[in-house]
Amino acid sequence: MLDLKYVRENPELVKAGVENKNEKNTVDEILKIDSERREILHEVEELKAKRNKVSQEIAQKKKAGEDAEDIIKEMREVSDKVKELDETVRRLSDELNELLIWIPNLPNSSVPVGKSADENIETTKWHPKDFSFENEFKPLDHVELGKKHNILDFERGAKISGSGFPVYVGKGATLERALINFMLDYHLQHHGYTEVFPPFLVNRASMMGTGQIPKLEEDMYYMEKDDLFTIPTAEVPITNLFRNEILNEEELPKNFVGYSACFRREAGSYGKESKGFLRVHQFNKVEMVKLVKPENSYVELESLVEDAEDILRALEIPYRILLLCTGDLSFSAAKCYDIETWSPAENKYLEASSCSNFENFQARRANIRYRRSEDKKVEFVHTLNGSGLATSRLMVSILENNQTSDGKIKVPEVLRKYTGFEIIG
RNA sequence: GGAAAGGUGGCAGAGUGGUUGAAUGCGGCGGUCUCGAAAACCGUUGUUCCACAUUGUGGAACCGGGGGUUCGAAUCCCCCCCUUUCCGCCA
């Protein structure tokens, strides 16, 4: 949520940001309703001031035993008018809010302007060794490998739940669990995060707080009976831990890491890239979340990306990093880096992590603030989060990049103490 | 699912329908005392919005949320939400 005052004072900047993000520009409409609302607000507040003053006079007259019937009668009319105007103000506020929650966060000035993913900028590329399979053998893709070694079962997953609900079996299940534990331990031991194991169902206010609602409501699984949503990422419960709270400056930064299953309906995206792990309704993810002081958020963003990179380097998974352009930036983000891991079978990169700075956009929606020790003023924190990382995409890269010419799969060195085996096949 | 209690400021905790933004305590800040600190004592201490002004003045709103009664509601009435405890059921 943007600050209405900011919109009022910088309409042109807001319009430009919204349009660069390919979102609907309702700024003029917002300004019109805002000025109308303020006009009526002023009127009703004057009436209320009068009423408050006269009410005290009535109290005094009654105490003195005097008759106050005439001014009571007058105030009765004032109150009726107040009720009427209050109703108008409430209606205009609702209209205003309805428009405002659809305004995306504005891109940071360091974000390149661009229409689509084609205009993202590659900032890093890391390939530990040359995976030139062409010269040796044709790599199998992760679905074929999963089937061959009986470690992934997409068909039975489709039977018991539906397509896009993968089942991990045998060493596949162990490898998945190893990956999650490895990543959590790594962030705890090397990066100083605090572990959180959050609920997987959250209420509507939490979804609104981090900005999934209203724009992405159709992408969420929803439990109508209880008005609860399955989380699409641990970002939602973890960021919302401090909703409606005022933190002390000394508590910041708060750095959390947590595992969760993630659920996404992926409505309307059937057909393309839906093979195997490429697009699923449920996957596992280790997520990093930071609540920081505003002046530090961009330094924290870089360090968040490095924390995710460290995992890929330890696993020896080839990857690249993209700085997203304005047109590819998500609704709530001000700046975002995507980390993509290499799939030799698909011959392309797959998104395994998104590291974003939301500045105070989520904090404003979720009302997460902190008190500055110097002047005791409260202000919104900045929130960030990044996948560290999503196992489904990592699994593709691990299986495909570590296959050997004799059809086996080597388990990455750092995972072996978690799996208890070195090879699959 | 049944029953009961309760939701008030950063926290704890009062509150007869009329100077209650709200007692008191803790915490925080400033000061006195002290070589310094602690203790003690004194003072101070919220958020949001609006208008004018520019770092202040005035006004409005806020005691879980939403309605209602009233000239006036933290206080009375209705609905909803949440928390806690007990009972039942259950992984």
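The model is predicted.

## Two domains

Chain A is split into two parts: domain 1 covers residues 4-100, and domain 2 covers 117-424. Their C-alpha centres are 44 Å apart. Four residues of domain 1 and eight residues of domain 2 make the contact.

## The interface

The size of an interface is often given as the accessible area lost when the parts come together. Here, domain 1 and domain 2 bury about 450 Å² between them. Carbon and sulfur atoms account for 38% of that area. On the side of domain 1, three residues stand out: N20, K21 and E23. Together they supply 85% of the area that domain 1 buries against domain 2, more than any other three residues.

Polar links also cross this interface. Six residue pairs are in polar contact between domain 1 and domain 2, with both residues at pLDDT 80 or more. The side of domain 1 that touches domain 2 has no nonpolar residues, two polar ones and two charged ones. One salt bridge is found across the interface of the two domains. K215 and E23 meet through their side chains in a salt bridge, with 2.9 Å from N to O. E23 is also one of the three residues named above for buried area.

## Helix α8

Helix α8 runs over residues 171-191, which makes 21 residues.

What follows α8? The next residue is G192, and its phi is positive, near 70°.

## Backbone details

Two cis peptide bonds deserve a look. One joins L252 and P253, with omega at about 0°. P253 sits in the loop between β8 (245-248) and β9 (254-263). Another cis bond runs from G388 to L389, where omega is near 0°. L389 belongs to a strand, β16, which spans residues 382-390.

Where is N244? It lies in the loop between α10 (235-239) and β8.

Notes. Residues are numbered from 1 along each chain as its sequence is written. Chains are lettered from A and ligands numbered from 1 in the order in which they are written. Side-chain values use heavy atoms; hydrogens and water are left out. Helices (H or I, at least four residues) and strands (E, at least two) are DSSP runs, numbered from the N terminus. The expected span of a helix is 1.5 Å times one less than its number of residues. Domain bounds come from an automatic or database domain assignment. Contact means heavy atoms within 4.5 Å. Buried area is the accessible area (1.4 Å probe) that two parts lose on being put together, summed over both. A salt bridge is a side-chain nitrogen of Lys or Arg within 4 Å of a carboxyl oxygen of Asp or Glu. A polar contact is a pair of N or O atoms within 3.5 Å; within protein, one must be able to donate a hydrogen and the other to accept it, and residues adjacent in sequence count only if both atoms are side-chain atoms. Ala, Val, Leu, Ile, Met, Phe, Trp, Tyr, Cys and Pro count as nonpolar, Asp, Glu, Lys and Arg as charged, and the others, Gly among them, as polar.
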